[in-house]
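Here is my note for your reading of this structure. Keep the 3D view open and follow the points in order.

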Amino acid sequence: MGNYFGYERISTKEERGLQHFFRQDAALKKYAEKHRINFVRIYGDDSSGKDFDRDEWIQLEKALHEDDTIVFKDLSRFTRQAEEGYRKYLDLINRGITLVFIDNPTVCSDYITKLIDTADQQNIVTRTAMEGIVKLMLIVELDRAEQERLHLIRRTKDGIAASHKKQGRKPGTLDKMTPKLRNDIELYLRDRSITQSQLMKKHSISRNTLKKYILIIQEEAIK
């Protein structure tokens, strides 16, 4: 039985402000507990998913051996590029590496390998069609993840714009936000085990005021 590795990736300013690694950390931790496994190491890159020229990814590939498993929260952490992602995907499973995408079970390598094995047993027409289906499945999942990301960005920007209009203030103004409150909000955005109620009580502010400050800090992150 091989080793388990985790892999995380963030790239855009939107993700740094709204997600960071905490959601991926939580997903990998939950997966490990459910399947009673331990990760040898969790690798994490702060870089684009357009190719695989990423420092931590390169180190991960060097550490891999046959029968090892890489666990991702979702397919877009692996790649955002369909063609090169498809080639890398096939290269890894041909090396005997298992790929697990927690949020995208239909493109986990165990399932895809069964499809490929079935295709190899068919004639050239059926095999070619099956290969196309596998690639399409990857492309569909990548597109879905990208549309969800864009929706999150639009929703955040709309919320920021509405807040500015309602409050009648200039974009980016911080009123009387203290450095301590700013630090606590930034920590809250990375670790949602912290609640808004805790921040409201600690800093003696209303929920509306807290939401206003959260939107301001999110706005700074996506500029």
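Which residue forms a salt bridge with Lys73?

1. The partner is Asp103, and the closest N and O atoms of the pair are 2.6 Å apart. Asp103 counts as partly exposed, at 37% relative accessibility.

2. **The model as a whole.** Please keep in mind that this is a predicted model. The protein has 10 helices and four strands. Along the sequence they follow the pattern β-α-α-β-α-β-α-α-β-α-α-α-α-α. Of the 223 residues, 43% are buried. The accessible surface comes to about 12,700 Å². Carbon and sulfur atoms account for 51% of that surface.

3. **Contacts along the chain.** Take the contacts between residues at least 6 apart in sequence. Of these, 68% join residues at least 24 apart.

4. Side chains of opposite charge can pair when their charged atoms come close. The whole structure holds nine salt bridges. One of them joins the side chains of Lys88 and Glu61, at 2.9 Å from N to O. Lys88 sits in helix α5 (residues 82-94) and Glu61 in helix α3 (residues 55-63), so this pair ties together parts that are 27 residues apart in sequence. Are these two residues buried or exposed? Lys88 is buried, with a relative accessible area of 18%. Glu61 is buried as well, at 16%. Look for Arg95 too: Glu61, Lys88 and Arg95 are linked in a network of salt bridges.

5. Which residues of α3 are buried? They include Trp57, Leu60 and Glu61. These residues cover an arc of only 100° around the axis, which puts them on the same side of α3. Asp55 and Lys62 are exposed on the other side of α3. The buried residues of α3 pack against β1 (4-10), β2 (39-46), β3, α4 and α5.

6. Asp68 is found in the loop between α3 and β3. Asp68 is buried, yet it has no salt bridge. How far away is the nearest side chain of opposite charge? That side chain is Arg95, and it is 7.6 Å away. A salt bridge needs the nitrogen and the carboxyl oxygen within 4 Å. Leaving out residues up to four places away in sequence, Asp68 touches Gly2, Asn3, Phe5, Ala63, Gly96, Ile97 and Thr98.

7. Glu186 is partly exposed, with a relative accessible area of 28%.

8. Which residues make the nonpolar surface patch of about 260 Å²? They are Leu136, Ile139 and Val140. Val140 has its place in helix α7 (residues 124-167). Val140 is partly exposed, with a relative accessible area of 48%.

How values were computed. Residues numbered from 1 in each chain as written. Predicted model: local features only at pLDDT ≥ 70, side-chain atom pairs only at ≥ 80, totals over all residues. Heavy atoms only, no water. Patch = residues over 30% accessible without salt bridge, like charges linked within 9 Å, V, L, I, M, F, W, Y side chains within 5 Å. Areas by Shrake-Rupley, 256 points an atom, 1.4 Å probe, with all protein chains shown as cover. Helix = DSSP H or I, 4+ residues; strand = E, 2+ residues; numbered from the N terminus. Buried < 20%, exposed > 50% of the residue type's maximum accessible area, 1.4 Å probe, protein only. Lys, Arg positive; Asp, Glu negative; His and termini not counted. Contact = heavy atoms within 4.5 Å. Arc of directions from axis to C-beta.
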